[in-house]
Amino acid sequence: RWQKIFMIPLWSKMAVLWNKMFLTIIVLLIVLFLDAVREVRKYSAVHVNEKPANINTNAFDHIQMKLFRSQRNLYLSGFSLFLWLVLRRTVTLLTQLAKGMTSHAALEAQVNDATEAAKKYMAENEKLRESLSEKGSSKQKESAEATDEKLKKEIEHLKAELQKTSDALHKANNEVTAVKRQSEGLKREYDHLMKEYKQLQ
């Protein structure tokens, strides 16, 4: 499903702007986070539990309201920054997994085609051997030996191609497995962080 979604032409057009948009939002969230930290430090200087004697009640409540807003902004910007990074990593892993699955399917098709071609050539070779055993003239034997040599070379060439494609398929399987492990690790880490977040709340 994700592979079909990422194959939409709209994504290829947005991919050019995706990195710029991601960096812009990251910079914006960092600026908001740092501003919230500055505000929290600024209003934390006034003691929350003790009312200063020289400040009236309205001013004290106003300072507490500002402190609450700055703390709220700190939590919102911090978790937004964290979740935006998690979203970026998740999209990257899904894209890699979709590409790996596509290449895996293509390599499987190549391996099947090469296997069928090798079986076909082997069957033709057997037929030629049978026809050569029935006809015993020397000229036909020489031409049959030449075609036999050609067929042997073609079979060796096909076997080499089959070996290459099977190696490539094995490599693609390993890559897909590694990407799946990365995505599972990221999911576990995300679940752990969300549990910690719920405990902190």
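I began with residues 74-91, over which the chain is 100% helix and 0% strand, with the end C-alpha atoms 26 Å apart. Helices here are DSSP runs of H or I with at least four residues, strands are runs of E with at least two, and both are numbered from the N terminus. I looked at this stretch since UniProt, in an unreviewed entry, lists residues 74-91 as "transmembrane region"; UniProt positions are in the numbering used here, feature names are shortened, and annotations may be inferred rather than shown by experiment.

I noted that this is a predicted model, in which local features need pLDDT of at least 70 and side-chain atom pairs count only at pLDDT 80 or more, while totals for chains, interfaces and linings use all residues. Residues are numbered from 1 along each chain as its sequence is written, and side-chain values use heavy atoms, with hydrogens and water left out.

For the overall fold I recorded 4 helices and 0 strands in the protein chain, in the order α-α-α-α along the sequence. Of its 201 residues, 19% are buried (under 20% relative accessible area; exposed is over 50%, partly exposed in between; 1.4 Å probe, protein chains only).

I then turned to E39, which sits in helix 2 (residues 9-44). E39 counts as buried because its relative accessibility is 18%, and its side chain makes a polar contact with the side chain of R38 at 2.8 Å (a pair of N or O atoms within 3.5 Å, one able to donate a hydrogen and the other to accept it within protein; residues adjacent in sequence count only if both atoms are side-chain atoms).

In helix 3 I checked Q96, which counts as partly exposed because its relative accessibility is 37%. Q96 and V176 are 80 residues apart in sequence, yet their C-alpha atoms are 8.4 Å apart in space.

Helix 3 (57-134) and helix 4 (138-200) each give two or more residues to the lining, and helix 3 gives the most, 7 residues.
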